[in-house]
Amino acid sequence: MMLETRHSITEILSRQPLFRLLDGMELARLAKGTVEYRLNKNEMLFHKGDVPRGMHVVMSGQIKLFLPSSLGAEKVVQMAGPGDSFGEEAVFLNKSCPLAAQATRESLLLIMEKQALCDALERNCMLSTALMARMCSRLCDLIDNMETCVQRSSAQRVAHYLTQMAPAGGNSYQLELDTNKQTIASQLNLAPETFSRVLGRLSREGYIEVNGRSVKVLDLRSLRQFGG
């Protein structure tokens with residue numbers, strides 16, 4: 001992990017959706033307690049049990065947050081992309097990280113120290129509300145993922161996953177899987193080979209067309225009904 005100094009932290013913060021509510025003075029204060037880091041592909045950001053320096057915000061790239069196991073398997077909990085944040089729970093609760101974090105591609109992050117973030121939240125109730133809404137949304141995503149893994153079959157999990165990425169309007173759409181099939185399979189609590197078999201089945205049954213990481217959903221309504 002490499003410390004970056006090439007950008008204006010204040011300017012970067014002003015472009016992030018979570019901090020657009022802050023004025024120039026508030027942004028400058030928060031920037032003093034914020035650092036910028038670059039990670040190479042597959043580089044670990046932190047391990048489960050580490051003490052976090054602060055809240056992390058992804059500016060570019062992608063970070064995988066996962067539960068490792070002693071047998072080498074992992075359960076992917078969140079894939080954080082540009083604009084996403086993580087690590088708030090460890091910061092506010094003064095606890096070690098419950099998850100491990102690894103860059104799946106070259107990534108650039110902001111890390112906000114706890115005191116700078118808490119001071120900003122105390123001074124700006126709109127920022128507090130926005131951060132609370134973001135954390136509540138992530139909780140809903142976790143519950144949805146739990147429901148998917150517990151109550152749906154393997155094929156239904158994949159179908160549901162594909163329908164979650166549907167754009168507004170239309171009954172067919174093209175999408176690019178934003179990470180490798182092994183990582184997606186882990187999110188869905190499937191073996192990679194099972195994920196590939198299900199894609200083949202959905203393709204044969206006329207729901208989708210698959211070309212590498214490119215997936216075309218041919219009938220969103222039918223696929224959504226299939227996914228439960």
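These legends accompany a set of views of one predicted protein model.

**Figure 1. The whole protein, before we zoom in.** The chain folds into nine helices and twelve strands. Its C-alpha trace spans about 55 × 45 × 30 Å along the principal axes. The radius of gyration is 19 Å, which agrees with the value near 17 Å that a compact globule of 228 residues would have. Of these 228 residues, 46% count as buried. Among contacts between residues at least 6 apart in sequence, 70% join residues at least 24 apart.

**Figure 2. Glu 113 and Arg 53, a salt bridge between distant parts of the chain.** Here the closest N and O atoms of Glu 113 and Arg 53 are 3.2 Å apart. Glu 113 belongs to strand S9 (residues 107-113), while Arg 53 sits in the loop between strand S3 (44-46) and strand S4 (54-60), so you are looking at a pair 60 residues apart. Glu 113 is partly exposed, at 32% relative accessible area, and Arg 53 is partly exposed too, at 41%.

**Figure 3. Glu 74 and Lys 64, a salt bridge between two strands.** The closest N and O atoms of Glu 74 and Lys 64 are 2.8 Å apart. Glu 74 is in strand S6 (residues 74-80) and Lys 64 in strand S5 (residues 63-68), so the pair ties together parts ten residues apart in sequence.

Figure 4. The side chains of Arg 201 and Glu 205 meet in a salt bridge with an N to O distance of 3.1 Å. Arg 201 is partly exposed, with 34% relative accessible area, and Glu 205 counts as partly exposed at 42%. Elsewhere, Glu 26, Arg 29 and Arg 123 are linked in a network of salt bridges. The count of salt bridges for the protein comes to nine.

**Figure 5. Leu 218 and the residues around it.** Leu 218 is found in the loop between strand S12 (214-217) and helix H9 (220-227). At 31% relative accessibility, Leu 218 counts as partly exposed, because that value falls between the 20% and 50% cut-offs. Leaving aside residues up to four places away in sequence, Leu 218 touches Asn 171, Ser 172, Gly 206, Tyr 207, Ile 208 and Glu 209. For a sense of scale, Leu 218 and Phe 86 are 34 Å apart, C-alpha to C-alpha, and 132 residues apart in sequence.

Note on methods. Residues numbered from 1 in each chain as written. Predicted model: local features only at pLDDT ≥ 70, side-chain atom pairs only at ≥ 80, totals over all residues. Heavy atoms only, no water. Helix = DSSP H or I, 4+ residues; strand = E, 2+ residues; numbered from the N terminus. Rg over C-alpha atoms; globule rule 2.2 N^0.38 Å. Buried < 20%, exposed > 50% of the residue type's maximum accessible area, 1.4 Å probe, protein only. Contact = heavy atoms within 4.5 Å. Salt bridge = Lys/Arg side-chain N within 4 Å of Asp/Glu carboxyl O.
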